[in-house]
Amino acid sequence: MLFPSFDISKESQLSVSAAVGFLGQAYLTNATVASAKSFIDRTGSTGYWAPASSVEEAIELWDAGVYKAVFDATTYASLDLSAFPIDRIAVRLGANDALPEHASAVIVSAPSDGLLQWKKPLLPQGGARQVVVAADASVDAIKQLHQAGYDALVDAAALSTKKDDGLLDIGHAFMACATTDRPDGLFATLVVDESNQALGLVYSSTESVAESLRTGQGVFQSRTRGLWYKGATSGATQTLKHVDYDCDADCLRFTVQQHGAGFCHLNTRTCFGHAQGLAGLQQTLQERRVNAPEGSYTARLFNDASLLRSKILEEAEELCDASTKEDVAWEAADLIYFALTKCISAGVSLVDVEKNLDKKARKVTRRPGNAKPKFQQEQPAAAAPAPAPAAAAPVVSSGRIEMQKYSIDTLSEQQHKDLLLRPIIDSQEITKRVTPIMQDVRTRGDAALVDLTKKFDRVDLSCPTIAAPFPAELMQLDPKTKAAIDQAYDNIYKFHDAQMDRDTLVVETMPGVVCSRFARPIERVGLYVPGGTAVLPSTTLMLGIPAKVAGCEQIVIATPPRPDGTVVPEVMYVAHKVGATHILLAGGAQAVAAMAYGTQTVPKVDKICGPGNQYVTAAKMLAQNDTSCLVSIDMPAGPSEVLVIADKTANPAYVASDLLSQAEHGIDSQVVLLAVDLTDDQLQAIEDQIHDQAMRLPRVDIVRQSIPKSYSLRVATMQQAVQFSNEYAPEHLILHTDIARDLIKDINNAGSVFVGHYSPESMGDYASGTNHTLPTYGYSRMYSGVNTLTFVKHITSQELTADGLDKLGDTVMQLAAIEGLDAHKNAVAVRLADIRK
């Protein structure tokens, strides 16, 4: 197989460092302990080899995570390495050097007699010895060595991920040793997650593997459609972590970080169903961390460090006291639950834990193994009772609120990619909870809605809907609020009315052949307005006005009721203005199900639009994929986000206020600042404003959690900033620069753009006229925000005269004959027979 020789000290080889990391096995020449450890930490692999000149240096390399220490033959002969595992030792041999006994691998310049015989016996712990031979950078040379039983040592300077640069494509080099017996030449490929759990089986080609190494994504080979970029349409993308093949080189294994709903088209994490065991527990805890009700036991575990510590210590003691097999398994499960809760609280995943286990396994030095003094005391025979539940820990109200900082000049290729990623949304556990709710509403209708509203919203309803005309007493507003809503309504209506496609497109494609396209409203639409105790007339405006302009006959607005069972009057007033026919007093998955399937009082709709939490989004996706209900949705959704580009002309207070206006949405809000050629003092001024303004906000507790997860990125030029922004594809893009208007032509991916110093995002959120229901999570690459055309569909028509049919008929009959569709051909032929009599 391919074994790259990677000079870790040369910047010229950094272009292939990511690909080398994906292969996970290489000889790191000119490596120091520090540089090897840094490379291991960056790539996540512990399969590298590195040169050592002494036992002491080898131990340091092994403890840093290096797999094999490579000694030259002279050094090896002078050392006693018998105390160290044979699989951790390799020797670089000259032409006349003797073969080593206590080594698992050798590196040679050319094959020689005895090498194959030396590698024939298996190692004591299993596995084979390796003979790595220096090779030319060509597919044929690598393949010939592989067929002879050797691995090929190829200088990484001769490898590339770029196309047509004269170097050997590293993907082609890697695949030189792969074999297949399939007639189409494709390779069976097992896709696994970072815990080596199988996600599914696909096929690869040399080109798809090369493209995957080039892009750092899961790219495979469809048997019918060519290269398959996993998740390009569904959003369930994959970040490549590692690629290798089995002992016979006839099955590839892709190790990936799976994003989105999961690998399977059924929205499960794997093609074998939902995640179980530790992976399933991790998903449950990650979801509970975000959605656990305030004051609940789970929420307290995440928010009260002392309570969680007490539970971990309690369960550890109970595990120590357990004696039977069943009790040990039970108490170990409890301890793992609380230990993983601690991990999730700190942003640590099972993958992070496993990586540290792998690094620990590479170490050869061992601690004495003594317990700390405080744990050497004799413990009581029985576990002490659990401490009384503690009150929720107060939110920290001190400490500086600041973003993470990066500079584009110092980013590695992988770091650059990582900054473009959003938090992983794994919806398997959410889908498992949403599905029965939707089935219940589908089966029992209004009765299910009443029961679920009582369960989730603690509201007793006699009827889950209010039909128009709405009672005037339910929409009483103070004059100032009414005037603000009316002004926003007028602006939003004016902008969306201008979008309406009212003219029929008519094109005569040739004499006697006229084609046309015309718009028609979607007849029945459902609009989801989050709320309950919140007041969100803005979302009602943003969804209801374009539906009204489009001419939708039925408009159903779903919004959670207040504790007294009513709707906030602001939402009711807007519902009246946009001509809503029904208000559904429900939220969550149950509201989506009611609109998708229909109930006794809720009309079934044809399209559902509007933002919501993860349960609402999962319900919308499930409904769209259920062909029995025939409903579409506006777009997938994720946490709200903003990207701000600011140069030296920006006002620090304005920049900070825009960043904070997004950060206060929730702890998972995404906030990015691109600082264009700013001095340290200029950037510090923005950071100071962020802290000072945040401390004055009522939602400072949320900001304290969202801002530290966000980042600023220093770039040298506006071109770099725009390029990064287009790669990030933000929901909101704010341009804090005097040349903002000139940049518009270069913006390719964004939900909505806010141009110049006096265009805060808040204006688009409420009243400028544009829509605030926008694509998040990078979906602005392929989705538009909600607009008037969201609520219409386009129909085409064609009309032919006899002369037109006579001129075009032979063309159509020929094409139908080629496709073997004789009835299509005959439909034209019978008419032409009459025309040509």
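A: Here is a walk through the salt bridges, with the cut-offs given along the way.

This is a predicted model, in which local features need pLDDT of at least 70 and side-chain atom pairs count only at pLDDT 80 or more, while totals for chains, interfaces and linings use all residues. Residues are numbered from 1 along each chain as its sequence is written, and side-chain values use heavy atoms, with hydrogens and water left out.

A salt bridge here is a side-chain nitrogen of Lys or Arg within 4 Å of a carboxyl oxygen of Asp or Glu. By this rule there are 31 salt bridges.

Let's start in helix H11 (residues 305-321), which holds both Glu315 and Lys311, four residues apart, or about one turn of the helix. Helices (H or I, at least four residues) and strands (E, at least two) are DSSP runs, numbered from the N terminus. The side chains of Glu315 and Lys311 meet at 3.9 Å, N to O. Both Glu315 and Lys311 are buried; buried means under 20% relative accessible area, exposed over 50%, and partly exposed in between (1.4 Å probe, protein chains only).

Helix H17 (residues 479-499) contains Lys482 and Asp486, again four residues apart, and their salt bridge spans 3.2 Å, N to O. Lys482 is partly exposed because its relative accessible area is 36%, whereas Asp486, at 18%, counts as buried.

Next, Asp677 forms a salt bridge with Lys648, with the closest N and O atoms 3.6 Å apart. This pair links distant parts of the chain, 29 residues apart: Asp677 is in the loop between strand S27 (670-676) and helix H23 (680-695), and Lys648 in the loop between strand S26 (641-646) and helix H22 (652-663).

Finally, a network of salt bridges links Asp169, Glu211 and Arg214.
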